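Reader: I've got this one open on my screen and would like to talk a few bits of it through. Can we go piece by piece?

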Amino acid sequence: MTKPRTRRRTFCTIAALFLSIAYAACSSHKARIPANPNPASIDGCWVDVFDADDFNGDKAHDRIAGPGEWSTLRDLPGAAKVDWANKIDSLIVGPHARLHVWKDEGFESTHWEFGPKTQVASLEKYNAGNQIESMKLEYVP
Ligand SMILES: [Ca+2]
Ligand SMILES: [Ca+2]
């Protein structure tokens, strides 16, 4: 009696795995990736992004929650500002996050990496001001 049940559970596990792979494959082709893809995202795994230097939120700012990958920043549903491509000037990395950013979409061209708790008042210092077009947020324990 236990055998068919185990087999069914295995089937369900495999089916769930396929569905999640299919979903991941589809979502990576979609432009619309939410600013917070995982509502139960891990505490401290985020990046605060600002449209101006010195963490000036008067213009626009957002918290992008990870872990996650954004091959484009042009369309982030759930963000206060949906289009962050080539707009970030300052940023604060959460205490449990490692931020990777790229100069072009699709994680291409120049890459910069910022560790947990990094505060960059002006990305101009790295020639990255208003240059970021894709990013990944990695969880750091
Ligand atoms: Ca800007
Ligand atoms: Ca570019």
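Reader: Which strand holds E69, and is E69 buried, exposed or partly exposed?
Author: This is a predicted model, and in it E69 belongs to strand β3. A residue needs 20 or more other C-beta atoms within 10 Å to be buried, and 12 or fewer to be exposed. E69 has 16 within that distance, so it counts as partly exposed.

Reader: How far apart in space are E69 and K136, C-alpha to C-alpha?
Author: β3 pairs with strand β8 (residues 134-139) in the antiparallel sense, over three bridges. One residue of that pairing is W70, whose bridge partner in β8 is M135. E69 and K136 are 67 residues apart in sequence, yet their C-alpha atoms are separated by 4.2 Å.

Reader: Which strands stand at the edges of the sheet?
Author: The open sheet has four strands, ordered β3-β8-β5-β6, with antiparallel pairing. Two of them have a single partner strand each, so one side of each is left without a neighbour in the sheet: β3 (68-70) and β6 (108-114).

Reader: Which peptide bond is cis?
Author: Most peptide bonds are trans. Look in the loop between β2 (61-65) and β3, where P67 sits. With omega near 0°, the cis bond is the one from G66 to P67.

Reader: What is phi of D54 near, and what is phi of F55 near?
Author: Most residues other than glycine have a negative phi. D54 lies in the loop between β1 (46-50) and β2, and F55 is in the loop between β1 and β2 too. Both values are positive: for D54 phi is near 60°, and for F55 near 55°.

Technical notes: Residues numbered from 1 in each chain as written. Chains lettered and ligands numbered in written order. Predicted model: local features only at pLDDT ≥ 70, side-chain atom pairs only at ≥ 80, totals over all residues. Pairing = 2+ DSSP bridges. Helix = DSSP H or I, 4+ residues; strand = E, 2+ residues; numbered from the N terminus.
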